[in-house]
Amino acid sequence: MADAQLFVDIIEHYRLIQNMDLFQELTSMSSNNREMIKTTCPRDCYDACGIVAVKDNGKLRKIMGDPTHKPTGGALCGKCAIAYNGVFTDHNSRLLTPLKRAGSKGEAQFVAISWTEAISLIKDKIKPLLENSEHSHIYHTHYTGTVSLIAGWYPIRFFNRIGATEVDPDSVCNKAGHEALTYMFGASEEGFDPRTLKDAKCIIVWGANPSHTAPHQNKRWLMQADIPIISIDPIAHATAKASDVHLQLKPGSDAALAFCFMNIARREGLIDDQYLAENSIGFEELEESINAATSERTALLTGLSVDDIEMVGKIYAKGPSMIWLGQGLQRQPRGGNVFRAIATLCVATGNISKPGTGFCYMNGRDIRGIDVNTIVPDDLKTIGPSPDSISHMDLADALLDKGRTKVFFAWNNNIMASSPEQKKLRQGLAREDLFTVCVELFHTDTTNYADLVLPAASFLEFDDLVVPYFDLTVSAQTKVIEPMGECLPNQEIFRKIASALDLQDEALFESDESILAKCLAATGYEGNFEDLKRLGTVELFEETRLQFHDKKFDTPSGKIEIACDAIIQKGMPRLPEPHVDQSTAKGKLRVISPASNWLMNSTYGNDARILKKLGAPSILIHAHDATRMALEEGEMVNVNNATGELQLMIKISDIAQPGVAVIYKGHWPGKDGTKANVNVLNPGLKTDLAESSSVHAIEVTITKLKAV
Ligand SMILES: Nc1nc2c(c(=O)[nH]1)N[C@H]1C(S)=C(S)[C@@H](COP(=O)(O)OP(=O)(O)OC[C@H]3O[C@@H](n4cnc5c(=O)[nH]c(N)nc54)[C@H](O)[C@@H]3O)O[C@H]1N2
Ligand SMILES: Nc1nc2c(c(=O)[nH]1)N[C@H]1C(S)=C(S)[C@@H](COP(=O)(O)OP(=O)(O)OC[C@H]3O[C@@H](n4cnc5c(=O)[nH]c(N)nc54)[C@H](O)[C@@H]3O)O[C@H]1N2
Ligand code: SF4
Ligand SMILES: [Mo]
């Protein structure tokens, strides 16, 4: 699609923002053979940035931000600006053909083979398992490689059909939060409409770090708000530092704080009795817990001052107030309880279902009309009984168990960097009798252990849909270039495997065009995919949407279940509790391993320019801890616990608080002498609900490395 006006707009944009390097690069291109193609970033990111790909004489020259994309205004984040013009489009970095293992597991020795040979090897391994009713011994992991609709979810059709065991993707990220909200409200993917910020008097960012994880929403939405911005976070990240108030509480003390805010609201006469009576059940049962949650007591439990707690409690309750409910927030041992407590606070103060209120965990597909059934039909006939899925917290054990796992697929997932119990995972993947298939863009620490590596096409190489999980929009992912080498989109790879296995279901062979058309129609967008491609992104709701505007809750009682009988079967108490985690054991530090500014989970960890930005793998500690342990900036230390150990460089940082250290997630184990990252220290402790990750509660000991 050649678009002269878009080109003029873009050149003007870069001139205005004084990016003269890009301006000159673009103006030097010959005008006759220039193409500008709009597409969308499909990373697992709140921002879903609009992209323009510039081609000159048919050759891709530049991937850059789309100035016509409102939420971002023409900027990509630093990591994508580097990696999309780096490893993602570099033939020398990408996998280009199917590969078969030629050395021992972990050695990363491969030979190129044809697709025909690769698919037939897979068929030879899977077919006997299906014939012997051993389908549940086929395991698959998948997650955030790409979250575009088809490449992110379509392959599940194949695995459901053959009855494979799924390693539940959300269990490594946000499942405790989803389940807690679902038990209470009957849904977890209906958040506030960001456009209602104009009606709010205060916003709390509770356990999220938009300065890293949503850089454009942070800069252009949150920081532009002319109302108090409050961060509640154990670490002083850039969003917290730029907030009007930062409550730097002890990790794992959020539920106690939420109860205290309810105590303050009650004292101030700011409980919304009418909303509670009409829409919820069980609030009155919390009376004793709320009474006990005084500001003085909560200050001791959370490490905050009474004044700060009082101030925030009053501003929030008065409202209208919004809460950005972070995903990092529920990655703690009682993450489910924390979410119930905070959501109860929203309901009790009536900060929901009205302009300028609500909380946002995420805005999912469903509220845009895209039913999960359109993407993964639930009428696919499974071979044999459907096996249960397992948690990522149990993956390492499953891979070590010959009786459980026989064939293992990892697609859209780099478990050796991102999943817990890294040492055990490595041992499991090294099993000679485990047949492992990785579908990937790059050689990773996980593909090193594969018997077969299948080359996936990147988002620049096929059409798809992106459904942002913050803004209520939908965007086109548009094919910009032909797939590199012999790469194929994820969905095409699984169509090939299904065909080799002689599976007949139409759903396993449905075309991308058909799925795109169905999903787009479901959103109510009046154009077709070609129209969307021209625009890039469209808003789906003209009017601002109020969270739970119809006050219909898909729970057993039809109301918001503050007291919840159904959750008892999950081993949870009927009511949320003002819990705080036990103090960290003496001599240990609690480690938080949040998102890095320069990585997307572990993606981009193989780009040389990104590696330079990351610097040496480090642990950030507070000056108080450095003095206490006589540690110096730049010193190498051993960080260890019962699960594993890791050598890191000390950085003394005002981001950390005494007793709480930070190790950013996502560093590639193979890029480091210790062949490990923070997940070697991660025991895979499960949350109170949903067997999800409580990775922000790792405890470690730091010892000095002795000079040799
Ligand atoms: N210590 C610690 N660990 C964590 C977290 C934490 O906070 N702390 N956070 C957790 C969270 S929130 C998450 S969501 C998980 C994420 O864990 P993962 O979903 O495993 O994310 P990545 O490690 O980035 O791996 C994604 C892989 O997909 C590949 N990929 C990219 N595009 C495609 C594609 O189109 N097709 C295919 N087949 N592959 C593609 C990339 O090259 C990359 O290797 O990590 C979790 N791990
Ligand atoms: N640059 C970048 N962007 C990303 C990602 C990435 O890896 N890199 N990952 C993407 C993915 S998969 C996800 S899920 C989202 C995650 O987005 P976020 O929710 O922002 O995720 P995190 O960075 O893990 O954690 C956010 C905050 O939770 C805080 N936290 C930890 N424990 C506690 C606690 O006990 N109480 C409170 N109040 N806060 C706590 C951490 O200190 C951290 O600042 O980001 C997405 N965007
Ligand atoms: S990762 Fe997020 S911020 Fe970066 S380009 Fe993609 S959508 Fe934008
Ligand atoms: Mo995540």
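This is a predicted model: local features need pLDDT of at least 70, side-chain atom pairs count only at pLDDT 80 or more; totals for chains, interfaces and linings use all residues.
Guide: Residues are numbered from 1 along each chain as its sequence is written, chains are lettered from A and ligands numbered from 1 in the order in which they are written, and side-chain values use heavy atoms, with hydrogens and water left out.

Visitor: Why are H14 and H15 called roughly perpendicular?

Guide: Helix H14 covers residues 295-302 and helix H15 residues 306-318. Their axes come within 9 Å and cross at roughly 115 degrees. Axes are lines fitted to C-alpha atoms, for helices over the stretch in contact, and angles run from 0 to 180 degrees between N-to-C directions. Angles of 65 to 115 degrees count as roughly perpendicular, under 35 as roughly parallel, over 145 as roughly antiparallel, and the rest as oblique. Therefore H14 and H15 are roughly perpendicular.

Visitor: What makes H1 and H2 roughly antiparallel?

Guide: The axes of helix H1 (residues 4-16) and helix H2 (residues 20-27) cross at roughly 150 degrees and come within 8 Å. That makes H1 roughly antiparallel to H2.

Visitor: How do H11 and H14 lie to each other, roughly parallel or roughly antiparallel?

Guide: The axes of helix H11 (residues 254-267) and H14 come within 10 Å and cross at roughly 165 degrees. H11 and H14 are therefore roughly antiparallel.

Visitor: What is the peptide bond from glycine 319 to proline 320, cis or trans?

Guide: That bond is cis, with omega near -5 degrees. Most peptide bonds are trans. Proline 320 sits in the loop between H15 and strand S12 (321-325).

Visitor: Which residues come nearest to ligand 3?

Guide: Of the 13 residues around ligand 3, Cys41, Cys45, Cys49, Cys77 and Cys80 come nearest. A residue is near a molecule if one of its heavy atoms lies within 4 Å of it. Helix H3 (78-84) and helix H9 (215-222) are the elements that give two or more residues to this shell.

Notes:
Helices (H or I, at least four residues) and strands (E, at least two) are DSSP runs, numbered from the N terminus.
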